[in-house]
Amino acid sequence: MTELLEPRAIGQALVRRDGVDKVRGTAVYAFETPVEHPAYAHPVQSTVARGRITAMDTSAAEALDGVLAVLTPFDAERLPATEDWEYAVLQTDQVAFRGQLIGVVVAETSELARQAADAVTVSYDEQPHDAVLSAGRDDLYAPEQVNAGHPTDSAEGDVATAMATAEVTVEQTYETQLLFNNPIEPHATTALWDPAGEGFLTLWDSTQGVHPDRAAVAEVFGLPEDRIRVVCPYVGGGFGSKGNPHANVMLAAMAARALPGRPVKLALTRQQMFFLTGYRTPTIQRMQLAADSQGRLQAIAIDVVEQTSKVKEFAEQTGVPTRMMYASPSRRSTHRLAPLDVPIPSWMRAPGECPGMFGPEVALDELAESLGIDPVELRIRNEPEVDPDTKKPWSSRHLVECLREGAERFGWDPRGPRGHRDGAWLVGTGVASSVYPTMRQATSTATVRFEDGRYAVEIGAADLGTGAWTVLPQIAADALGVDVADVDVRIGDTRYPTASVAGGSSGTNTWGSAIVQAAREFRGKYGTDPHPGDEVSGDVDQAALDSDHAAYAFGAQFVEARVNADTGEIRVPRLIGVFAAGRIINPRTARSQLIGGMTMGLSMALHENGVFDTRLGQTANHDLGEYHITVNADVGEIEAHWLDEHDPWVNVMGSKGIGEIGITGTAAAVVNAVYAATGVRVRKLPVTLDKVLTGLDGPR
Ligand code: MOS
């Protein structure tokens with residue numbers, strides 16, 4: 001148990017410290033880093049989905065005036081580390097997916113680099129590819145573990161017997177779609193080697209973590225980490241796609257090494273991002289629920305099938321939230337992967353929990369209907385005393401309170417009906433739960449220094465637009481016992497102490513813990529009257545890392561959906577979420593995170609849909625013209641509220657992380673509301689009018 005930091009600056013809705021610079025356009029992003037005499041790189045990508053490159057003719061590209069270098073797998077430098085297939089750029093003539101990086105052109109302008117890349121002609125020995133995800137494949141396999149280190153499968157009790165004997169059961173298959181992160185700032189790097197070309201590399205890279213980024217590049221290029229500097233003060237969104245570097249970063253570093261002393265800029269195009277920067281696998285979720293007549297679960301099971309690339313495994317932990325959300329004596333979860341000739345899936349906002357709170361939360365709605373029990377009440381009746389998976393006590397769990405407060409704020413009628421007609425519009429309401437684990441990374445270090453009457457705090461943290469620039473000073477100020485205006489926090493550079501990735505909603509929890517520790521050690525060493533230059537470093541306090549509790553943030557989301565009875569048009573005028581996410585450090589930036597997550601969940605429910613052309617082996621709608629993301633006109637009223645939750649187990653701030661929980665459960669709540677409106681149960685996302693129209697009554 002930790003005594004929580006006394007909140008003074010914490011809890012205040014301070015404005016973003018970086019807001020003015022961003023609005024004025026003076027905040028510098030990776031690609032626009034001002035450097036002397038930059039050159040520009042443009043990738044060459046494979047145009048087959050599988051095969052071997054037999055030849056590349058670069059003569060036409062090299063003949064263009066202003067082309068500085070053309071690299072292919074046949075002449076690129078050999079990298080010392082090639083175990084990670086994604087990072088081993090230009091090391092093989094094998095093609096594992098369409099759009100793979102197979103070359104790079106460096107030129108005096110970006111236009112010329114692009115023209116020259118197009119002028120490279122490639123011959124292939126093309127082989128048949130296999131890109132069809134289905135639950136019926138005979139080569140599905142169980143990975144050794146799934147993302148975040150979870151066991152692949154879990155089992156307890158006897159699901160089959162419960163399904164055969166229970167009073168009510170639900171057995172359905174639910175599917176989530178192919179999704180792309182699409183941060184508005186593309187993946188971009190400015191890379192500069194010192195003139196010797198082997199000594200020192202500087203990367204201005206758009207990344208969710210300068211230190212993890214540096215570690216990956218150091219490994220691939222066989223350099224000690226102190227010979228690489230990564231700088232990233234601002235990020236225009238990542239959503240996980242910048243959590244690990246992708247091949248573009250390695251390609252930028254390689255391209256720059258061809259021109260030592262000259263900075264090289266490489267920004268992926270929006271279209272290239274659909275091939276190269278990760279995505280969320282489609283998932284197929286077979287759900288089984290068994291309950292007694294009072295709605296108490298007797299069994300809950302999820303069997304997931306999803307895809308990975310053949311050359312680098314990524315196993316989305318879709319079945320994981322089912323393990324811990326609700327009480328049930330019998331339980332099962334499994335993950336099976338289809339190894340395909342497709343781009344490499346990776347992290348996208350709430351990997352696991354986001355798709356994994358779709359099937360179960362729709363299935364619960366189906367169960368509630370079969371039982372004639374209010375879906376809010378059904379969830380409350382299955383509230384577990386302890387974590388059903390690990391049997392550990394909760395650090396804190398206020399799902400029931402979120403459901404109750406959400407119901408009240410929304411005007412939820414527990415007696416139903418949840419659907420009615422308003423002129424041409426069929427109106428319905430739906431609910432689903434949200435969850436996200438509370439994580440803190442094991443290591444991060446912060447430095448506190450006294451300078452000219454002010455405190456400088458340095459840590460290599462990342463602000464993806466989430467608010468780290470603003471909330472870390474709030475934490476530092478309270479830990480030091482000073483006014484927040486007297487604290488400067490510097491982040492986004494490997495020159496500052498090592499920081500963990502901005503991922504898993506763990507950034508504030510981890511970096512804040514290190515900052516508090518550094519501040520306390522500073523006060524212990526120098527008291528309250530320090531001298532200029534006094535400085536200490538502090539690490540995340542290992543002794544305070546708690547492993548005896550199951551720590552999660554919870555939430556409940558309520559949706560009003562309107563479906564046009566004639567056209568099937570679907571609108572969501574109202575979306576209300578109530579969350580229990582520990583102590584909220586800054587209500588302004590927190591609300592923005594929660595509303596952002598909910599909007600992204602709405603986008604998943606209604607709009608986003610990667611359409612994979614299995615014949616070509618590529619996403620057909622690989623741009624923002626065709627891949628529709630919810631825009632302002634699609635969003636009605638969205639409200640995010642939170643409970644005042646005290647959790648002494650998670651960390652010294654009492655914060656749980658808020659970057660990802662908002663996207664979990666939203667799509668299920670929308671599907672449940674559309675069902676209440678129309679009687680049409682959509683089990684495959686997104687919910688589009690074609691899926692609803694065929695089930696609507698009335699004249700066509
Ligand atoms: Mo987030 S997908 O954990 O960067």
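Two strands pair if DSSP finds at least two bridges between them. Strands (E, at least two residues) and helices (H or I, at least four) are DSSP runs, numbered from the N terminus.

This is a predicted model: local features need pLDDT of at least 70, side-chain atom pairs count only at pLDDT 80 or more, and totals for chains, interfaces and linings use all residues. Residues are numbered from 1 along each chain as its sequence is written, and side-chain values use heavy atoms, with hydrogens and water left out.

Start with the hairpin of β19 and β20. Two residues separate the strands. In the turn, Gly423 has a positive phi of about 65 degrees. Strand β19 spans residues 419-422 and pairs with β20 in the antiparallel sense, over four bridges. Arg421 has Leu426 of β20 as its bridge partner.

Strand β20 also meets β25 (residues 550-564). These two run antiparallel and are joined by 13 bridges. Within this pairing, Ser433 is bridged to Ala556 in β25. Strand β20 covers residues 425-437, and twelve of its 13 residues are buried, so it is largely enclosed by the rest of the structure. Buried means under 20% relative accessible area, exposed over 50%, and partly exposed in between (1.4 Å probe, protein chains only).

Now turn to strand β11, residues 188-193, which holds Thr190. Thr190 is buried, at a relative accessible area of 0%. Leaving aside neighbours within four places in sequence, its contacts (heavy atoms within 4.5 Å) include Ala30, Phe31, Trp204 and Pro263. A polar atom of the Thr190 side chain lies 2.8 Å from the backbone oxygen of Ala30.

How values were computed:
A polar contact is a pair of N or O atoms within 3.5 Å; within protein, one must be able to donate a hydrogen and the other to accept it, and residues adjacent in sequence count only if both atoms are side-chain atoms.
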